[in-house]
Amino acid sequence: MPPLLLLLLLLLLPPLLLPLAEGRRAAMLRMGLRGSPRGEVSPAFLSLTLDASLARDPRYVALLSNPKLRALATALSPGFLRFGGTETDFLIFDPNKDSTLEEKILWELQAQQEACGSRPAFAAVEKLLLAQWPSQEKLILAEHNWKKHKNTTITRNTLDILYSFAKCSGFHLIFGLNALLRKDGLQWDSSNARVLLDYCASQRYNISWELGNEPNSFRKKSGIYIDGFQLGQDFIHLRQLLSNYTLYRNAKLYGPDVGQPRKHTQRLLRSFLKSGGKVIDSVTWHHYYVNGRSATREDFLSPEVLDTFATAVHKVLEIVAGTVPNKKVWLGETSSAYGGGAPRLSNTYVAGFMWLDKLGLSARQGIDVVMRQVFFGAGTYHLVDANFEPLPDYWLSLLYKKLVGTKVLQVSLAGADERKLRVYLHCTNTLHPKYREGDVTLFALNLYNITQHLQLPNYLLSKHVDQYLLLPHGKENILSRSIELNGHVLRMVDDKMLPELTEKPLGPGSVLGLPAFSYSFYVIKNAKAIACI
């Protein structure tokens, strides 16, 4: 056959049939860029948590003043910062008690300088705290398995440091109040909350509120059982209490922060929403895929495990639709593995599959906000470790924030198993200086053990694409704690400066190659998606 004729034939063939070099076909992407988006999430969609266990010994709350930690948090702003967790229901506020020495030193330094400035004079104290942190962390993780928890007293400075961290980093603080303080074992005793609110109002702290953490396991943790109806009444009581303060009259209230939607938790959630659902601004629930103590590398790469999340979301949305229709639903606390994370897994590249898939699925199914457990703290599911080093999930979160907008678009695949090659599509974040309205961001996860190829629809073949491919760095491969973007290792330039997140431009008509067990973002420029304009 003459070469010219062959070339003509190739040009006329549908792209799906274009064989790749190694004899494999590219999967064809189908995208819904016309009409309206399939959904839209909050601008604070990717938000963060600090676990209340950080205040188990309030001295360690002073670590939040670290300038590197603040720079890393600021880069992920804006968003919500939820302070909550099991310890929420074991914290007592005492405005008259002396703060720990560390908190006092920090706050006195703060009083002498600008509110959000760095505190070089605190470095020596911080160094001592960091040296003692590993043993404190062991204690916190051991307490996950205790039947009974001890109360801890927090002081004015604890709240000051916490609020200052959120405000200086560009986050809105959500504070969890203790729900296990009870009168005669039944109604919520709000006297301690009132004292805490008095103090926060006197300081003009703009805070949103929660009451209690995972009420479905109160009995296990404290021996106290509170049903959904009573909890709903307690939230009504809190809403009335808030209305006594000019500052908190319109404050947001979120709850009930239930755990996974197992049968008895579903019942609790349903009766809570019927009883007190009208006074909350969003419904919050928690999700983890696996138990940190028994999780395996295979769990983190399993399409079946990833798919369990969609089922859980569906159950929660069904309950909400049947009780308080149109109320927004938030993942109020979520990560890969419960119990502090899975050691040597939750803090490595492989954790990114669960995290990125959860972000993609949440937005697609209509979850409005996703709060990542934790930004910094005990365990291995943190975004930033105890040496203030950002882990792979930190960089993944940063790229997500920079590239992914709030409008969710339809996308599907032909020519590959969609459970193993998982794709999500949003309008691009228009705050990004390089991109404009109408651009779209595709993100993809490859759970196949060989490279997969993605082909854009014909009408986008003339477009330029920016690739942001994330791969593990170093010999640990997917169990590495460091990550490369388009071949360059991501690390801080210095304590205050983050690196450039540089794209790799792909020419028009490029096939998108995604290596085995990897994930990537692709910005399709000038896509002119009507849904995004």
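**Figure 1. Disulfide between Cys116 and Cys168 in the predicted model.** Cys116 and Cys168 are joined by a disulfide with an S to S distance of 2.0 Å, a disulfide being a pair of cysteine sulfur atoms within 2.5 Å. Cys116 lies in the loop between helix H3 (101–112) and helix H4 (123–143) and Cys168 in helix H5 (residues 156–169), so the bond ties together parts that are 52 residues apart in sequence. Helices (H or I, at least four residues) and strands (E, at least two) are DSSP runs, numbered from the N terminus. The torsion about the S-S bond is about -75°, so this disulfide is left-handed. Cys116 is partly exposed at 45% relative accessible area, and Cys168 is partly exposed at 21%; buried means under 20% relative accessible area, exposed over 50%, and partly exposed in between (1.4 Å probe, protein chains only). This is a predicted model in which local features need pLDDT of at least 70 and side-chain atom pairs count only at pLDDT 80 or more, whereas totals for chains, interfaces and linings use all residues. Residues are numbered from 1 along each chain as its sequence is written, and side-chain values use heavy atoms, with hydrogens and water left out.

**Figure 2. Disulfide between Cys427 and Cys532.** The sulfur atoms of Cys427 and Cys532 are 2.1 Å apart in this disulfide. The bond links distant parts of the chain, with Cys427 in strand E16 (residues 421–428) and Cys532 in the segment after strand E24 (518–524), 105 residues apart. With a torsion of about -85° about the S-S bond, the disulfide is left-handed. Cys427 is buried at 5% relative accessibility, and Cys532 is buried at 5%. A search of the whole structure finds 2 disulfides.

Figure 3. Cys200 is buried, with a relative accessibility of 1%.

Figure 4. Arg419 meets Glu304 in a salt bridge (3.4 Å, N to O), that is, a side-chain nitrogen of Lys or Arg within 4 Å of a carboxyl oxygen of Asp or Glu. Arg419 is partly exposed at 35% relative accessibility, and Glu304 is partly exposed at 46%. Arg422 forms a salt bridge with Asp357, their closest N and O atoms being 2.8 Å apart. Arg422 lies in strand E16 and Asp357 in helix H12 (residues 351–365), so this pair ties together parts 65 residues apart in sequence. Both Arg422 and Asp357 are buried.
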